Amino acid sequence: MLESLGNILRKSVDKITSAIFVDKKLVDSIVKDLQRALISADVNIALVKELSEKIKSEGEKYVKDVEKKEHLIKLLNDEITEILGGEKKELKLEKQEKILFVGLYGTGKTTTISKLAFYYKKRGRKVAMLGLDVHRPAASDQLEQLGKKIDVPAFVDKQEKNPIKIYEKYEKELKKYDLILIDSAGRDALEKSLIEEIKNISKILKPTHTILVIAADIGQTAKTQAQKLKETIGIDGVIITRMDSSAKAGGALTACHEANASVYFIGTGEKPQDIETFNPTSFISRLLGMGDLESLLEKVRNVTDDKAQKKLTKRLEEGKFTLDDFAQQLDSMQSMGPLSSITKMIPGLGKTKVSEDMLEGQESKMKHWKHAIKSMTLEERENPEILEKQTARLQRIAKGSGTTTGEIRQLLKQYKMIKELASGAKGLEDIDMSNPQKLMSNKQMMKLAKKFGKKKRMF
Ligand code: GDP
Ligand code: MG
């Protein structure tokens, strides 16, 4: 169901979660992907434009990147949920119901009626189906056969050509049932004769609900159909079939919402059980494969210590960034938990090729660096330069912290890089923020450090 939209949405969430900064470039690229996906799902261009503008203007709203990320993901989620219909609209059934189903030929009316019969029978209703499709000879057979399959009576008359007479024939017997699902004849197009026939049936049968069945294949043209039938025969809502086999489902869903017609159910296959109530919220989280996103966002929020951040920025600006500050930076990274568990929580990222070895290597490196910093004297931590030429000091620290002099040299290099780059960096547009694996490489770390410096932020 809507695979390509789902893929794009997941990709967008990945892009946002793994990006270091939420900037215009990121928002633009997400909007572009989304536009493509929505248009290929046959969503109305005007609607796509409107949605894009909203995401663009709202997307960068917050000051801190952590909040921006959360905001942007929620924005994406909420806006798409909204164009698909927003709140779930439920078909509320009373004790006694008579539901008339209308729609063009081949949209799935008869199949849907039997699916709903099965659905409500399982929920304890006494269901009967009434076949009033007098136009196509095979229609009654089909309803009968489907009825046998699910063990629900199908009232049909293969000879009678007047739907009202068929109803009158079974009227008394139908009183024994509390949910009557009525099949009607379709047409190739929305003809006057169809509307007249439905109006006629409605006058006599007095259905409690009239529901339009459309196939997802018709995409955004569902809007005119739903609007017209609302005006003429007064439909209550819509069921969209073939959600499983049409790429235009997005168009059909959004069009119904635009026509102010509630989508109660969606058909997702040919079998009796292939029907489900339509809830835009859960539909989207399923498309997104949301994972444990909320808790990730929570964690990202928790480690962002505003005060420490400001202090660090100030020290960087003043060129007073010491190894203690560097250790603090490592701490806040580690307080997010093992890197591997973090990547697992990010939808999609868990599946990418961020190798366990690499992450472990990164983690143990960070741990060693912290041990090494702890073994230094205050003088060394504040003026790490004195360590560079004094091998004796390096050996002492390595011995005291269970690390190697090589590791300490690497630590010093990393520290120096951040410090130097913080005080004047060139443009960094070529950093690929969406690829965490690349980001972990030393070269990227260097570029990143530059970016940190430029933006005067560490995280
Ligand atoms: P009607 O003319 O409106 O009564 O349409 P039918 O109920 O006879 O269905 C037409 C065809 O669409 C049949 O072959 C059904 O099996 C198929 N169909 C109906 N609903 C679905 C659905 O949700 N998914 C798929 N894949 N096929 C469906
Ligand atoms: Mg039919």
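This report describes the confidence, the ligand surroundings and the aromatic pairs of a predicted model.

## Basis and confidence

Residues are numbered from 1 along each chain as its sequence is written, and chains are lettered from A and ligands numbered from 1 in the order in which they are written. In this predicted model, local features need pLDDT of at least 70, side-chain atom pairs count only at pLDDT 80 or more, and totals for chains, interfaces and linings use all residues, while side-chain values use heavy atoms, with hydrogens and water left out.

The protein has a mean pLDDT (the predictor's confidence in each residue, from 0 to 100) of 81, and 77% of its residues reach 70 or more.

Over residues 424–442 pLDDT stays under 50, and the model has 44 contacts (heavy atoms within 4.5 Å) beyond four places in sequence for them. Residues 345–353 also stay under 50, with 20 such contacts. Where pLDDT is low, the predicted coordinates should not be read in detail.

Around ligand 1 are 19 residues (a heavy atom within 4 Å), of which Gly-106, Thr-111, Arg-136, Asp-244 and Glu-270 come nearest. Helix H5 (residues 109–122) gives the most to this shell, with four residues.

A polar side-chain atom of Thr-111 lies 2.4 Å from an oxygen atom of ligand 1. An N or O atom in the side chain of Asp-244 is 2.8 Å from a nitrogen atom of the ligand.

## Aromatic pairs

The structure holds six aromatic pairs (ring centres of Phe, Tyr or Trp, the latter by its six-membered ring, within 6.5 Å; planes under 30 degrees apart are stacked, over 60 edge-to-face, the rest tilted). One of them, Tyr-119 with Phe-265, is edge-to-face, at 5.2 Å centre to centre and 85 degrees between the planes. This pair links distant parts of the chain, 146 residues apart: Tyr-119 belongs to helix H5 and Phe-265 to strand S7 (residues 262–267).

Definitions and conventions. A polar contact is a pair of N or O atoms within 3.5 Å; within protein, one must be able to donate a hydrogen and the other to accept it, and residues adjacent in sequence count only if both atoms are side-chain atoms. Helices (H or I, at least four residues) and strands (E, at least two) are DSSP runs, numbered from the N terminus.
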